Amino acid sequence: MKTITSIKNQKGKTPLTVITAYDALFASLFDTKVDMLLVGDSLNMSFHAKPDTLSASMDIMLYHTQAVCAGAKDTFILVDMPFGTYTDPKMALHNASRIYTETAAHAVKIEGTIDRAPVIEALTKNSIAVMGHIGLMPQFVRSEGGYKIRGKTESDILALIDDAKAFEAAGAFSLLVEGVVEDAARRITEAVSIPTIGIGAGKYTDGQVLVWSDMLGFFQAFQPKFVKRYLNGAQLVQEALDTYIKEVQERSFPNIEHTYTK
Ligand code: KIV
C-alpha cells in the first residue's frame, strides 16, 4: 500500500493512478490495483443524482468513506472535505479530525486558492495529511457561474503556480490539478516538488484521476472531453437486465441449475 512518503517519492517517475470509489463493493474491486482511492464529493452527483457537489455533507462523506474503507483495506484512501466544512482552520481541524477518528482514511482533500493555505497548515501541523485541489474547483461552481477551464492566460498560470507553491509550503503532500490547459499543468508540476495528480489537465502531471462511474461508462448524462470510457458499463448492465427479464417472463430462469430439488 502507498504511504505519504512513497507517494511523494513518485514525483517525476511512473505516473500515480487514482480513481474515485463510493461504496464497499466497487472499492473491493479496485483494492490494490490503483495507488489511491478518492472518496470524492462527486458522489453527490454520480451516486445521489444532485446537480453539483455542494450539498454533500460531513455525514454523507463519512458514511461513504466507512464503506470504501471496509471494501479496500490495502489501498491509500483519500477523502474530499465537503463544501462549507473548512472555511476556517478551527472548523477544518474539527471536521478533518472526524474523518480520521470515524474512518480509516489516510488523507483529506481541500479545494482552494492561496487564501486556503492557513487551513492546510492547521491540518498538516496537527498530523492530518492533505492533498490540495487547485484549478477548476467544483465547489466554486455556483459562485463562479459554471465550470471554467483554467490556465488560459499567463496571469492565470502565475496565479495557479502561486496557489500550488503556497499549498506545498503549508505542508500538502500532493496536489490535484483539475480542468487546466496542458501546458499550464506542466508548469505547475515543474514548480513544485510534491506530485500533481491531473484530471482534465493533460499528460504532464505526476498522476491521473478519473471518476469511476465516468471511466467505466456507468454515468451517461454527459461525457466531459477529458473522460475516456474504458468500459461500456451502462450498456452491459442494460443488456444483462433485458436478458434477465426475458428469461423470467418465458420461465427459462430459474432452471434446474439454480433450483433446490431436495
Ligand atoms: O470529487 C471528485 O471526484 C473529485 C474529482 C476531481 C476527481 O475531486
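## Salt bridges and helix packing

Arg150 and Asp156 form a salt bridge in which the closest N and O atoms are 2.6 Å apart; the term denotes a side-chain nitrogen of Lys or Arg within 4 Å of a carboxyl oxygen of Asp or Glu. Arg150 and Asp156 are both buried, where buried means under 20% relative accessible area, exposed means over 50%, and partly exposed lies in between (1.4 Å probe, protein chains only).

The model is a predicted one, in which local features need pLDDT of at least 70 and side-chain atom pairs count only at pLDDT 80 or more, while totals for chains, interfaces and linings use all residues. Residues are numbered from 1 along each chain as its sequence is written, and side-chain values use heavy atoms, with hydrogens and water left out.

The structure holds eleven salt bridges in total. Among them is the bridge between the side chains of Arg98 and Asp59, at 3.3 Å from N to O. Arg98 belongs to helix α5 (residues 89-102) and Asp59 to helix α4 (residues 58-71), so this pair ties together parts that are 39 residues apart in sequence. Helices are DSSP runs (H or I, at least four residues), numbered from the N terminus. Arg98 is partly exposed, its relative accessible area being 22%. A network of salt bridges links Asp59, Arg98 and Glu102.

Another salt bridge joins Glu154 to Arg187, with 2.9 Å between the closest N and O atoms. This pair links distant parts of the chain, 33 residues apart: Glu154 is in helix α8 (residues 154-169) and Arg187 is in helix α9 (residues 182-191). Both residues are partly exposed, Glu154 with a relative accessible area of 43% and Arg187 with one of 23%.

Two packed helices are described by the angle between their axes and the distance between the axes. Here the axes are lines fitted to C-alpha atoms over the stretch in contact, and angles run from 0 to 180 degrees between N-to-C directions.

| Helix pair | Angle between axes | Distance between axes |
|---|---|---|
| α4 and α5 | about 25 degrees | 10 Å |
| α8 and α9 | roughly 30 degrees | within 9 Å |

In their contact (heavy atoms within 4.5 Å), Met58, Asp59, Leu62 and Gln66 of α4 meet Asn95, Arg98, Ile99 and Glu102 of α5. These residues divide into three nonpolar, two polar and three charged. Ala, Val, Leu, Ile, Met, Phe, Trp, Tyr, Cys and Pro count as nonpolar, Asp, Glu, Lys and Arg as charged, and the others, Gly among them, as polar.

For α8 and α9, the contact residues include Glu154, Ile157 and Leu158 of α8, and Arg187 and Ile188 of α9. The residues of this contact comprise eight nonpolar, no polar and four charged.

Pro89, Ala92, Leu93 and Ala96 of α5 meet Pro118, Val119, Ala122 and Leu123 of α6. The residues of the contact of α5 with α6 are eight nonpolar, with no polar and no charged.

Note on methods: Helices (H or I, at least four residues) and strands (E, at least two) are DSSP runs, numbered from the N terminus.
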